[in-house]
Each structure stands twice: as structure tokens, then as C-alpha cells.
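Take a walk through the side-chain contacts of this chain. Start with the rings, then turn to the charges.

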Amino acid sequence: MRRFPLLIVICALAILGLAACGGDDNKDTTTEPATTETTTTDTGGGAGKTVEQAADPSGGLKFEKDSLSAPTGNVTFKFTNESSTPHDFVVEQDGQELAKTDVITEGSDTTQATLEAGEYTFYCSVPGHRQAGMEGTLTAK
């Protein structure tokens, strides 16, 4: 009869010991270094950078940012339009179109360009939108 309480204590200690060990939540905590550019994010693997731009979510004829910066080299542009007003995102330099997304509503699209150091223009090519002020400056450094 004296062995039964001892067996209960041993079982309870074993259960507590296993619970204290818990699962192995050791996850890889390696992260990409933070970037100070608010308009670019590292895509990793040397694939270049991503510049994000969005149309006014309320449907206005404007972008959320009227100036962007990007690194030189291969750049991906991610354009988001949450409104039902159709918009696209075009990058040009000296009148030459370098990158263009599809015209989208309530979604996002990407396009790519290889940039050299300098200034570029971005705009929405939907008729009347650029004329209404939906354009800005992109600086590549």
C-alpha cells in the first residue's frame, strides 16, 4: 500500500518534467537586414529590390506617394489599387516606357525594370489620370 502513493508522486513528477521540456520551438531567426528605404524591400537572393506604390484607396486620381526612390539595377515595382477605379503604374525616362503594370481594380500587379542612376517619371496611363495629376518622380541611386 505504501508503494501506491510513491508511484503517484513519481508519475506526477515525470509528467511535470515532460511538460517543462515542452516542444522544440527553435525556429530559424535569421532575418534580412532592415532597410531604411520605406519604398523598397529586399527580395533576397540577389534578385534586386521591390518598390511599392499604391493608388489612392478611396478612388481618387492620385498615388499614395508622389516621389519614390529605388536602387540602381534590377527593380520590381509592386502596384496596388484597392479601389474600383481602374489604374496602372508606368515608369518612363525621357519619354521611353521602361515598365508598366496591367490596368487593375481591387488588386495588385508587378512589373520590372533595370534602372541606372537618375530621375524617372511614374504615372497612371488611364486616359485623363496623368493629366489630373496622377504622376510623380522616381529617383534611382
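Are Phe79 and Phe89 buried or exposed? Both Phe79 and Phe89 are buried. Keep in mind that the model is predicted.

Begin with the aromatic rings. A pair of aromatic rings is described by the distance of the centres and the angle of the planes. Searching the whole structure gives 6 aromatic pairs. One of them joins Phe63 and Phe89. Their centres lie 5.9 Å apart, and the planes make an angle of 85°. That makes the pair edge-to-face, because an angle over 60 degrees falls in that class. Phe63 sits in the loop between strand 2 (49-54) and strand 3 (67-70), while Phe89 sits in the loop between strand 4 (73-81) and strand 5 (90-93). The pair therefore ties together parts that are 26 residues apart in sequence. Phe63 is buried, as is Phe89.

Phe89 has a further partner in Phe79. Here the centres are 6.0 Å apart, with 20° between the planes. This pair counts as stacked, because its planes are under 30 degrees apart. Phe79 belongs to strand 4, and Phe89 to the loop between strand 4 and strand 5. The two are 10 residues apart, and the pair links distant parts of the chain. Now widen the view. Ring pairs connect Phe63, Phe77, Phe79, Phe89 and Phe122 into a cluster.

Next come the charges. The structure has 2 salt bridges. In one, the side chains of Glu92 and Arg130 meet at 3.3 Å, N to O. Glu92 is in strand 5. Arg130 is in the loop between strand 8 (118-123) and strand 9 (135-140). These residues are 38 apart, so the bridge links distant parts of the chain. Glu92 has a relative accessible area of 11%, so it counts as buried. Arg130 is partly exposed, at 26% relative accessibility.

Arg130 also forms a salt bridge with Glu135, at 3.0 Å, N to O. Glu135 has 34% relative accessibility and therefore counts as partly exposed. Together, Glu92, Arg130 and Glu135 are linked in a network of salt bridges. Arg130 has a ring contact too. It lies over the face of Tyr123, 3.8 Å from the ring centre.

Finish back in a loop. Gly60 is found between strand 2 and strand 3. Its relative accessibility is 22%, so Gly60 counts as partly exposed. The C-alpha atoms of Gly60 and Ala132 are separated by 9.9 Å, although these residues are 72 apart along the chain.

Technical notes: Residues are numbered from 1 along each chain as its sequence is written. This is a predicted model: local features need pLDDT of at least 70, side-chain atom pairs count only at pLDDT 80 or more; totals for chains, interfaces and linings use all residues. Side-chain values use heavy atoms; hydrogens and water are left out. Rings of Phe, Tyr and Trp (its six-membered ring) pair if their centres lie within 6.5 Å; planes under 30 degrees apart count as stacked, over 60 as edge-to-face and the rest as tilted. Helices (H or I, at least four residues) and strands (E, at least two) are DSSP runs, numbered from the N terminus. Buried means under 20% relative accessible area, exposed over 50%, partly exposed in between (1.4 Å probe, protein chains only). A charge sits over a ring if NZ of Lys or CZ of Arg is within 6 Å of the ring centre and within 35 degrees of the ring normal. A salt bridge is a side-chain nitrogen of Lys or Arg within 4 Å of a carboxyl oxygen of Asp or Glu.
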